[in-house]
Amino acid sequence: RTAIPAGVTTEKIRAQDKLAARLFLILHDPFSGRCAVSPMALRCALVGAELAELILNRRVAMVNGLIVPGDASALGTDALSAFVVGAITRQPDHYPVPVWLAAIGDAVAELVAARLMEVGILVRTKSLLRRRGRFPAINLLAAAGPRVRLEYMVRTPEDADVASATCAALIDAVGAARVLQGDTSRRDLRRGLAALAAMLTTDLRSLVTSVEVAYASGSLPPSLRLHPRS
């Protein structure tokens with residue numbers, strides 16, 4: 001049995017095991033708290049990660065490019081999953097990924113940040129000189145873990161799982177592959193990312209492509225008016 005490092009509780013592990021939480025931690029410098037990407041890129045990556053996790057857990061699916069509700073009895077009962085699944089299932093129509101990036105991006109980013117602060121991994125700091133808040137780590141070991149593990153998987157793709165491969169693909173999709181380079185050469189980084197991308201299922205590949213196209217376009221579609229809870 002693997003020992004849990006000091007300062008990393010089971011609750012912290014569960015919190016940072018969320019794909020969106022992993023991406024949030026990887027895309028923020030643990031010391032300065034500065035985000036490595038633009039607000040739009042962060043929202044695209046986080047919503048993409050949560051949709052990917054819901055696809056893996058069969059809570060939603062992609063059908064003809066649209067996000068549709070999946071198995072209501074499948075896994076995924078945390079607050080973030082409940083919010084996203086609820087938003088999707090309450091809509092009278094089905095929509096493509098870019099619409100969901102626009103509709104729930106801000107809420108997803110806030111929910112992920114709030115959870116990581118709640119379990120004592122990050123803290124939010126603000127300055128009158130900066131419009132964007134920063135999220136420096138108060139538990140460096142927990143905050144750095146996802147990036148260290150994903151950097152390892154980029155170097156050794158044969159040890160990666162589909163969820164981690166999806167994280168890497170989404171980071172690449174929003175132009176942030178450099179955060180995974182570490183001591184790896186640029187050529188080996190691209191080779192590792194390509195090997196990880198080859199692991200993705202058809203649904204996940206379609207999702208990542210949709211995120212990449214939405215981000216590259218530089219703008220998202222008009223946001224939905226989300227239906228309230230019934």
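**View 1. Cys 44 and Cys 167 in the predicted model.** In this predicted model, Cys 44 is buried, its relative accessible area being 0%. Cys 167 also counts as buried, because its relative accessibility of 2% falls under the 20% cut-off. The structure as a whole holds 0 disulfides.

**View 2. The salt bridge between Lys 18 and Glu 53.** The closest N and O atoms of Lys 18 and Glu 53 are 2.8 Å apart. This pair links distant parts of the chain, since Lys 18 sits in the loop between helix H1 (10-17) and helix H2 (19-26), whereas Glu 53 belongs to helix H3 (residues 39-56), 35 residues apart. Both Lys 18 and Glu 53 are buried, and the two take part in a network of salt bridges that also includes Glu 50 and Asp 78.

**View 3. The salt bridge between Arg 124 and Glu 110.** Here the closest N and O atoms are 2.7 Å apart. Arg 124 lies in the loop between helix H5 (97-118) and strand S4 (125-127), while Glu 110 lies in helix H5, so the pair ties together parts that are 14 residues apart in sequence. Arg 124 is partly exposed at 29% relative accessibility, and Glu 110 is likewise partly exposed, with a relative accessible area of 40%.

**View 4. The salt bridge between Arg 115 and Glu 118.** The side chains of Arg 115 and Glu 118 meet at 3.0 Å, N to O. Because these residues are 3 residues apart in helix H5, about one helical turn separates them. Arg 115 is partly exposed, with a relative accessible area of 30%, whereas Glu 118 is exposed, with a value of 60%. A search of the whole structure finds 8 salt bridges.

Technical notes
Residues numbered from 1 in each chain as written. Predicted model: local features only at pLDDT ≥ 70, side-chain atom pairs only at ≥ 80, totals over all residues. Heavy atoms only, no water. Disulfide = S-S within 2.5 Å. Buried < 20%, exposed > 50% of the residue type's maximum accessible area, 1.4 Å probe, protein only. Salt bridge = Lys/Arg side-chain N within 4 Å of Asp/Glu carboxyl O. Helix = DSSP H or I, 4+ residues; strand = E, 2+ residues; numbered from the N terminus.
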